[in-house]
Amino acid sequence: MNIGIAGTGKMGLAIGQRLLGLGHTLHVWNRNPARAEPLVAAGALRVDHPSDLSAQCDIVLSLLTDASAVEQVYSGPHGLLSSPKALLIEMSTVAPEFQAQMAQRAAAAGARYLECPVSGSIGPAKEGKLIGFVGGDAAVVAQVQPLLEQMCRKVVKVGAHGNGARMKLCVNLPLMVYWQTLGEALSLVRSLNIDPKELIDVLAESSGGPNMLKVRGGMIADALAGQPQSTVTVDLTTMRKDVRTMVEQGAVNGFELPVTQITLHSLEQAIAQGLGSADCTQLPMWFLKR
């Protein structure tokens, strides 16, 4: 299949590697061309504008930083909506209302448009083990089901545009606030002489241990030992953007989300102290050291 990717950051790169490995023809575009270089070196074709993707490909996936980036990539004479031959699948984490608006704009431009934000990080993306929340017309979803199943171990059909974004926020909220609660939990045993790896293993095996501790426990233990890894899976700036969207969506639904608000406040403080590009594992470390 002839597939385009607009946005070759961490997730776009990982998904692109997955699709190339499955034998798809891949066209790529990124605002910073250097970010697409690993995929080009692996056999992807670089294009000059997003419009080249939508004109030349069967399906275009967009994985972008935020709503502003989506707006820029879809709009204008060189945007994805200027040459809407391809079926467009928007996978960024944005507000539900924004996804619904983008769907209306796509329809007005004559484009087929789905949203499919995903749960999972770089590792699952490379292995095709994400969870996708696909919103849009059921007939259009059926057209891309085989491709979605190559990227996702589970595809959840959520109905209308915007519902995928709601599911993504719902799934990510417990994970985001867990980084705050982990820092608070670790503060209770800060004075104990316990090996960091053993401590994280105990937490991971407890009834309150999320799957995240099993996946990233090693990184957290290294950070506790004062030897943080250089790998950045999700940075604090991205976390703040998503948590802020959760708080805003809670308000739209008539809820204050007090625990999420505290997490947002901690993220804002940590970023103000220069940790915006730091990995998510650094939030509990920041809490312990402040």
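Student: Which residues lie nearest the centre of the largest pocket?
Tutor: This is a predicted model. Its largest pocket has a lining of 47 residues. Those that lie nearest the centre are Met11, Gly120, Ser121, Thr233 and Val234.

Student: What volume does the largest pocket have?
Tutor: Rolling a probe the size of a water molecule over the atoms shows where empty space is left. For the largest pocket, the volume comes to about 1,300 Å³.

Student: Which element supplies the largest share of the lining of the largest pocket?
Tutor: Several elements each give at least two residues, among them helix H1 (10-21), strand S7 (118-119) and helix H6 (122-127). The largest share is 8 residues, and it comes from H8.

Student: What volume does the second largest pocket have?
Tutor: Look at the lining before the volume. It includes Leu186, Val189, Arg190 and Leu224. By class, 7 lining residues are nonpolar, none is polar and 1 is charged. The volume of this second largest pocket is about 150 Å³.

Student: How many disulfides does the count come to?
Tutor: The sulfur atoms of a disulfide must be within 2.5 Å. The count by this rule is 0.

Student: Which cysteine sulfur is nearest to that of Cys57, and how far away is it?
Tutor: Cys57 is buried, at a relative accessible area of 0%. Cys57 takes part in no disulfide. Its nearest cysteine sulfur belongs to Cys116, at 18 Å.

Student: Is Cys170 buried or partly exposed?
Tutor: Cys170 is in no disulfide either, and the nearest cysteine sulfur, that of Cys116, is 16 Å away. Cys170 has 49%, so it is partly exposed.

Student: What kind of aromatic pair do Tyr74 and Tyr113 form?
Tutor: The count comes to 1 aromatic pair. The ring centres of Tyr74 and Tyr113 are 6.0 Å apart, and the planes stand at 70°. Planes over 60 degrees apart count as edge-to-face. The angle of 70° therefore makes this pair edge-to-face.

Student: How many residues apart in sequence are the parts that this pair ties together?
Tutor: Both Tyr74 and Tyr113 are buried. Tyr74 sits in helix H4 (residues 67-74), Tyr113 in strand S6 (residues 113-115). The pair therefore ties together parts whose separation in sequence is 39 residues.

How values were computed
Residues numbered from 1 in each chain as written. Predicted model: local features only at pLDDT ≥ 70, side-chain atom pairs only at ≥ 80, totals over all residues. Heavy atoms only, no water. 1 Å grid on protein atoms, 1.4 Å probe; cavity = no way out; pocket = protein on both sides within 12 Å on 5 of 7 lines; lining within 4 Å. Points joined across faces, edges and corners; volume = space filled by probe spheres on them. Helix = DSSP H or I, 4+ residues; strand = E, 2+ residues; numbered from the N terminus. Nonpolar A, V, L, I, M, F, W, Y, C, P; charged D, E, K, R; others polar. Buried < 20%, exposed > 50% of the residue type's maximum accessible area, 1.4 Å probe, protein only. Phe/Tyr/Trp six-rings, centres within 6.5 Å; stacked < 30°, edge-to-face > 60°.
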